[in-house]
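Here is a short report on aromatic pairs, helix faces and a few single residues. Keep the structure open while reading.

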Amino acid sequence: MAMAKTTPEDPVFEPSPEDVASVLAWFDDYDELAATAQIERMADLAMFPLNSVTDDAEGNGSASWSDREQYVREMTEVIGDGARMESVRTPHFLSRSLVFVVTDATYTHGGVRHRMRYGDLLVRREGRWYFQTMVQGGWG
């Protein structure tokens, strides 16, 4: 597997096709777990404490964190409610082991289609990706 590199002359990391494929494959796995409500296995893909960043209707931003127990509890409330999601993901690599992924999604719930955009920071540790920060407007 060819590794993309940075140099002092060009400090911007350029991911290899394999780097991009590994992130998209990670999301395929995560989406399958979410679709089948395997919440404990979803939590296995996180690096805790997990950060969440959002804003409210007045435009005030906020950040919080959760441990595994809280994540599992919150996802149990959200997952499995019959929503179907279609996503297009765009990874933006900050380095070989840090990637911010912007997702444009459409989900259908109760026969109504909704659009949303959110972002996730993934961290590669010991060759595996983990999500560490979730960013989405409107949850404050």
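## Model

The model is predicted. Every value below is computed from it.

## Aromatic pairs

A pair of aromatic rings is described by the distance of the centres and the angle of the planes. The whole structure holds 8 aromatic pairs. In one of them, Trp26 and Phe131, the ring centres are 5.9 Å apart and the planes stand at 65°, so the geometry is edge-to-face. This pair links distant parts of the chain. Trp26 sits in helix α1 (residues 17-35) and Phe131 in strand β6 (residues 128-136), 105 residues apart. Trp26 and Phe131 are buried.

Another pair is formed by Phe93 and Trp129. Their centres lie 6.2 Å apart with the planes at 70°, so this pair is edge-to-face as well. It too links distant parts of the chain: Phe93 belongs to strand β3 (residues 84-95), Trp129 to strand β6, and 36 residues separate them. Phe93 and Trp129 are both buried.

Ring pairs also build a cluster. Its members are Trp26, Phe27, Tyr30, Phe48, Tyr71 and Phe131. A charged side chain meets a ring at Tyr130: Arg125 lies over the ring face, 4.7 Å from the centre.

## Helix α1

The buried residues of α1 are Asp19, Val23, Trp26, Phe27, Tyr30, Leu33 and Ala34. Viewed down the helix axis, they fall within an arc of 120°, so they line one face. An α-helix has 3.6 residues a turn, so residues three or four places apart point the same way. The other side of α1 carries the exposed residues Pro17, Asp28, Asp29 and Ala35. After α1 comes Ala37, with a positive phi near 55°.

## Helix α3

Helix α3 covers residues 68-78, and Tyr71, Val72 and Met75 are buried in it. These three cover an arc of only 95° around the axis, which puts them on the same side of α3. Glu69 and Glu77 are exposed on the face turned away from that buried side.

What do the buried residues of α3 pack against? Their partners are α1, α2 (39-43), β1 (46-55), β2 (61-66) and β6.

## Arg113 in strand β5

Arg113 is part of strand β5 (residues 112-125). Is Arg113 buried or exposed? Its relative accessibility is 54%, so it counts as exposed.

Setting aside neighbours within four places in sequence, Arg113 is in contact with Glu86, Thr106, Tyr107 and Thr108. Arg113 and Met85 are 28 residues apart in sequence, and their C-alpha atoms are 9.4 Å apart in space.

Key
Residues are numbered from 1 along each chain as its sequence is written. This is a predicted model: local features need pLDDT of at least 70, side-chain atom pairs count only at pLDDT 80 or more; totals for chains, interfaces and linings use all residues. Side-chain values use heavy atoms; hydrogens and water are left out. Rings of Phe, Tyr and Trp (its six-membered ring) pair if their centres lie within 6.5 Å; planes under 30 degrees apart count as stacked, over 60 as edge-to-face and the rest as tilted. Helices (H or I, at least four residues) and strands (E, at least two) are DSSP runs, numbered from the N terminus. Buried means under 20% relative accessible area, exposed over 50%, partly exposed in between (1.4 Å probe, protein chains only). A charge sits over a ring if NZ of Lys or CZ of Arg is within 6 Å of the ring centre and within 35 degrees of the ring normal. The arc is that of the directions from the helix axis to the C-beta atoms. Contact means heavy atoms within 4.5 Å.
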